[in-house]
Amino acid sequence: MILKSAGHGVVHVRALEVDGVSKRYGDAVALRDMTFHVNGGELFGFVGGNGAGKTTAMRIILGVLAADAGEVRWRGERIDLEARRRVGYMPEERGLYPKMRVRDQLTYLAELHGIGRRAARATVGAWLERLGLSARRNDEVDRLSLGNQQRVQLAAALVHAPEVLVLDEPFAGLDPMAVDVMSEVLREKAAAGIPVLFSSHQLDLVERLCDRVGIVRAGAMIACGSVEELRSDTARRFVVDLSGRDPAWAEELAGVSVLEAAGGRVHLELADDVDDQEVLAAAMRHGPVQEFGPNRPGLTELFRTAVSAETPA
Ligand SMILES: Nc1ncnc2c1ncn2[C@@H]1O[C@H](COP(=O)(O)OP(=O)(O)OP(=O)(O)O)[C@@H](O)[C@H]1O
C-alpha cells in the first residue's frame with residue numbers, strides 16, 4: 001500500500017512486514033508467530049530481554065536464517081533476494097574484515113552492490129566524513145576502537161543507499177557523541193521515507209527516537225505501537241503524594257487499587273466509574289496534597305510491566 005505525504009514524497013505503509021514467523025533451534029522455540037510491520041519513514045524500536053528473539057527475527061528478515069513458518073514481505077510481496085540486496089543490515093556479531101583498511105573495505109562493499117569505483121569512493125568519502133572517520137580511513141579495522149568499528153559498520157550498512165535499514169543493537173557501546181551521530185543519521189533516513197528497524201536495550205533512547213516500539217518476550221510480540229498507545233492501558237493510573245501519610249487512606253476507597261506506596265507517595269489505579277476529583281478530595285481530607293496527577297509511565301516502566309506479566313507456556 002502506498003500513502004502519499006507532502007514531506008516524504010511517496011511513503012509505503014507496511015513497507016516491511018513480518019507475518020506469523022516461527023523458528024525453533026532444536027527443541028528451543030526462538031520465535032512464535034512473530035508478527036509486526038514497519039512503515040516507510042518510520043523509526044521502529046525492537047526491544048526485549050536477552051534471548052527474547054530479536055536477532056533471530058532480524059536474521060530471518062535478512063534471509064541469513066530461514067523461518068520454519070510465516071513470511072517476510074517487502075512492499076506487499078514475499079521478500080526475495082533482490083529486495084534483500086537493498087537492505088542495509090548491521091549484524092549483532094558485526095561483519096567487517098579485520099585486516100582491511102576502512103576506506104578500501106567500504107568501497108569494496110559498495111562495489112559488491114553494483115556501484116562503480118568512482119561513485120563508491122565518493123559515497124564512502126562522504127560517509128566517513130559524516131561519521132567522523134576521515135582521519136581513520138587508512139587504518140585497518142582491527143586497530144580501531146570498538147566504537148569506531150561500529151561507526152564503520154554503520155557506514156557499511158549505508159554505502160549502497162539501502163531502501164530499508166535493519167540494525168541489531170547499533171547503539172551498544174557508543175559514546176554520547178557517537179549516539180548523537182547515529183540518532184541523527186537514523187532520523188534522517190526515516191525522514192527520507194525509509195523504514196528503519198533497530199534493536200536496543202537503551203529504552204530511554206528508544207523512547208526518544210522511535211515512532212513505534214515493539215516489545216518482544218519469549219519469541220512473541222506482546223505489545224506494539226507508539227509509546228503513547230502503549231500507555232493507553234495505564235490511563236486510569238494516578239500518583240498522589242501525601243507526604244509521610246500511611247497509604248490506608250487510599251486502600252479504603254471503593255474502586256481504587258494501590259499499586260505502589262513509598263513515603264506517602266502512592267500509585268493508584270482507578271476503576272472506570274471512579275471520579276479522579278473525588279479521589280483528590282479524599283486525599284485532601286487526610287492532609288496536605290503535595291502532588292496529584294495522572295501517572296504517565298515511560299517506556300522502561302511499560303516494558304517492565306509487559307514482560308513481567310505471566311510468561312506463556
Ligand atoms: N544458533 C543458535 N542455536 C541454538 N539456539 C539459539 C541460536 N541462536 C539463538 N538461539 C536461542 O534463540 C533464542 C533467541 O535468541 P536471540 O539471539 O534471537 O535473542 P535476542 O533477543 O537477540 O537476545 P539479546 O538481546 O541477548 O541479543 C534464545 O533462547 C537463544 O538462546
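The structure is a predicted model, in which local features need pLDDT of at least 70 and side-chain atom pairs count only at pLDDT 80 or more, while totals for chains, interfaces and linings use all residues. Residues are numbered from 1 along each chain as its sequence is written.

Helix α3 (residues 102–112) and helix α4 (residues 117–130) pack at an angle of about 130°, with their axes 9 Å apart, and α3 and α4 are therefore oblique to each other. The crossing of α3 and α4 is right-handed, a term used when the near helix is turned clockwise from the far one by less than a right angle. Contact here requires C-beta atoms, placed from the backbone, within 7 Å, and the residues that meet are set out below.

| Helix | Residues in the contact |
|---|---|
| α3 | R103, L106, T107, A110 and E111 |
| α4 | R117, A120, R121, T123, V124 and L128 |

By class, this contact of α3 with α4 has five nonpolar, two polar and four charged residues.

The ligand is surrounded by Y25, A28, A30, G48, N50, G51, A52, G53, K54, T55 and T56, a residue being near when its C-beta atom, placed from the backbone, lies within 6 Å. This shell around the ligand divides into four nonpolar, six polar and one charged residue. Both β4 (28–38) and α1 (54–62) supply at least two residues of the shell, and α1 gives the most, with three residues.

Terms used. Axes are lines fitted to C-alpha atoms, for helices over the stretch in contact, and angles run from 0 to 180 degrees between N-to-C directions. Helices (H or I, at least four residues) and strands (E, at least two) are DSSP runs, numbered from the N terminus. Angles under 35 degrees count as roughly parallel, over 145 as roughly antiparallel, 65 to 115 as roughly perpendicular and the rest as oblique. Two residues are in contact if their C-beta atoms, placed from the backbone, lie within 7 Å. Ala, Val, Leu, Ile, Met, Phe, Trp, Tyr, Cys and Pro count as nonpolar, Asp, Glu, Lys and Arg as charged, and the others, Gly among them, as polar.
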